Amino acid sequence: DAVAGVLTADGRAVDVLRQVLGRGGRATPLLAERGRNLPAGEQDLFRELVLGVLRWRSALDAEIASVSRIPLERLAPKLREILEVALYQVRHLDRVPEYAAVDQAVRQARKSGGEGAARLVNAILRNVLRTPPPSADAASGETSSPADLARRYSHPEFLVRRWLERFGRPAAVSILEADNAPSG
């Protein structure tokens, strides 16, 4: 079942992210270990979810934090990673429909923390998805601050400032865009 495969990849991605981000593990060995026994297409999705969330985490977290009443660091275990995986799928992949990503996140939250966790994840994702995604055009405009660019492209602000000073705005934005593109 294709939907079950997506669910498996999602759940494994959340677990790996939790290990990498919560305990300081390394993604590469965990991807190999936890991706075993997944069909090839699901392995690809699993890998893309983990590496994509790691690449775009600060931008994803900024969107989530903008609508959550609970600070991200105070969310129950796994909820932050569940939200990040779902939002990454919606914002950066076209493989999983929005409704399916939200539904899967709610199911994972329910399994992880009960009905209250499921309602919280549903509310946060629905609120995030009601607002349009940050626009690359708006962030790269002349009025965008280095902080806006850092948030939009998921880079440290000091690095964005350095690149703006060294290369100018058009080149810095091109570098930011290319830097977070998936490796070929």
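The model holds one cavity of 30 Å³ or more, where a cavity is a set of points, on a 1 Å grid over the protein atoms alone, at which a 1.4 Å probe fits but cannot get out. This is a predicted model, in which local features need pLDDT of at least 70, side-chain atom pairs count only at pLDDT 80 or more, and totals for chains, interfaces and linings use all residues. Residues are numbered from 1 along each chain as its sequence is written, and side-chain values use heavy atoms, leaving out hydrogens and water.

**The cavity**
- The largest cavity has a volume of about 30 Å³, meaning the space filled by probe spheres set on the grid points.
- Its lining (residues with an atom within 4 Å of a point) consists of Asp-10, Ile-82, Val-85, Ala-86, Gln-89, Ala-101, Gln-104, Ala-105 and Gln-108.
- Five of these lining residues are nonpolar, three polar and one charged.
- Helices α4 (79–92) and α5 (98–130) each supply at least two residues of this lining; helices are DSSP runs of H or I with at least four residues.

**Helix α9**
- In α9 (residues 169–179), Arg-169, Ala-172, Val-173 and Leu-176 are buried, that is, under 20% relative accessible area with a 1.4 Å probe, protein chains only.
- These four cover an arc of only 100 degrees around the axis, so they sit on the same side of α9; the arc is taken from the directions from the helix axis to the C-beta atoms.
- On the other side of α9, Pro-170 and Ala-178 are exposed (over 50%).

**The loop with Ser-68**
- Ser-68 lies in the loop between α3 (40–65) and α4.
- Ser-68 is buried, with a relative accessible area of 14%.
- A polar atom of the Ser-68 side chain lies 2.8 Å from the backbone oxygen of Ile-70.

Technical notes. On a 1 Å grid over the protein atoms alone, a cavity is a set of points where a 1.4 Å probe fits but cannot get out, and a pocket is an open set with protein on both sides within 12 Å along at least five of seven lines; lining residues have an atom within 4 Å of a point. Ala, Val, Leu, Ile, Met, Phe, Trp, Tyr, Cys and Pro count as nonpolar, Asp, Glu, Lys and Arg as charged, and the others, Gly among them, as polar. A polar contact is a pair of N or O atoms within 3.5 Å; within protein, one must be able to donate a hydrogen and the other to accept it, and residues adjacent in sequence count only if both atoms are side-chain atoms.
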